[in-house]
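Take a look at the model below.

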Amino acid sequence: AKDHQSGVALATGGPDDDSGRQRLTTLEELRAGLDRGELTLHYQPQMLIAEGVVAGVEALVRWNHPSRGLVYPDGFLPLAEHAGLMGRLTTQVLEMALAQCRAWNDDGLALTVAVNLSASNLQDCDLPGYVADALLRHGVPAHSLHLEVTEEILIRDAARTTEILAELRRMGIRLAVDDYGTGYSSLAYLQALPVDDLKLDRAFVTHCDTDPRSAAIVKSTVELAHNLGMRMIAEGVESEAGLDRLRQWDCDLAQGYHVSRPQAPQQLTTWLRQQASD
Ligand code: C2E
Ligand code: CA
Ligand code: CA
Ligand code: CA
């Protein structure tokens, strides 16, 4: 079962006036939500498979809506992107993620934190400078920050995207290709772009223990990643059997409900301490 609840509806058809009003209202709510700091982050562990140790977490944004409750990303990210709010949203996410990373590190929990970037973030030439400043302000070393970018974004505007990513990477930040295998898959960007990790989409991972075609794709992608000097991260790991296969195939990291669902920071801190003492 998906841990999603339906979020804010985007205007999709219906009588013209109503859909227009709906979008406007929702956009106002989202702006207000950003102003009031209603965004919050849940964190999902990323486990080093060979060691069985949690090396880091991925930050996943939620909107703590005053009346609708917790709204999941697919309920507001498309609107944020459409309305040109992704710059502000990403800034807030990065600030929260770096503050939390620092708090965990001060607490003796050495974790990397992965943050998702959107298409418009990679059109913004100020991004690397902002990230450098944020790392300094929070006292987080660059190697503790990972940034995830979908392959669709990587293909979109190769020149500017490459420049921004190269700058982030020169700072020592690790870059991952997210949802690998689902975009307009192209090997050209793997040849050209500086990335560190391949994050294979869960569509290929979740049933890799029972579906031979998924298994073939996972095995081949681990080899591809390793031959390119990259690490392979499997997302959507939902079973022990799947995790066993990934271990056999030499996959580096696992993320998914079988390891842990995304959790609020306090909850996750408790969970991490339990793991460490087991
Ligand atoms: P994603 O980056 O591919 O993140 C993984 C999504 O899969 C998360 O959904 C997570 O809760 C879900 N998931 C994790 N493990 C499993 C599993 O074992 N099985 C299944 N079926 N699902 C699993 P979530 O949190 O709803 O996020 C959805 C998408 O929203 C993310 O996909 C990402 O593309 C985007 N997103 C989330 N937070 C941010 C953010 O701060 N900035 C940007 N730009 N995008 C974000
Ligand atoms: Ca991601
Ligand atoms: Ca993903
Ligand atoms: Ca995804």
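A residue counts as buried when its relative accessible area is under 20%. Keep that cut-off in mind. The model is predicted.

Start at the calcium ion (ligand 2). Its donors are Glu58 (OE), Asn116 (OD1), Glu148 (OE) and Asp178 (OD), at 2.2 to 2.3 Å. Along the sequence, these donor residues follow the spacing E-x57-N-x31-E-x29-D. Asparagine 116 sits in strand S4 (residues 112-116) and aspartate 178 in strand S6 (residues 174-180), so the pair ties together parts that are 62 residues apart in sequence.

Is aspartate 178 buried or exposed? Its relative accessibility is 7%, so aspartate 178 counts as buried. Asparagine 116 is partly exposed, at 27% relative accessible area.

Next comes glutamate 151, which belongs to helix H5 (residues 151-156). Its relative accessible area is 0%, so glutamate 151 is buried. A polar atom of the glutamate 151 side chain lies 3.1 Å from the backbone nitrogen of glycine 181.

Now the core. In soluble globular proteins, nonpolar side chains tend to be buried together. Here the largest nonpolar core holds 78 residues. Tyr43, Val131, Leu145, Ile173 and Leu246 touch the most other members. Helix H3 (residues 86-106) supplies the largest share of this core, 8 residues. Beyond its neighbours within four places in sequence, valine 131 is in contact with Leu94, Leu145, Leu168, Met171 and Ile173.

Technical notes
Residues numbered from 1 in each chain as written. Chains lettered and ligands numbered in written order. Predicted model: local features only at pLDDT ≥ 70, side-chain atom pairs only at ≥ 80, totals over all residues. Heavy atoms only, no water. Donors = N, O, S within 2.8 Å, 3.2 Å for Na, K, Ca; no water. Helix = DSSP H or I, 4+ residues; strand = E, 2+ residues; numbered from the N terminus. Buried < 20%, exposed > 50% of the residue type's maximum accessible area, 1.4 Å probe, protein only. Polar contact = N/O pair within 3.5 Å; in protein donor to acceptor, adjacent residues only side chain to side chain. Core = buried A, V, L, I, M, F, W, Y, C linked by side-chain atoms within 4.5 Å. Contact = heavy atoms within 4.5 Å.
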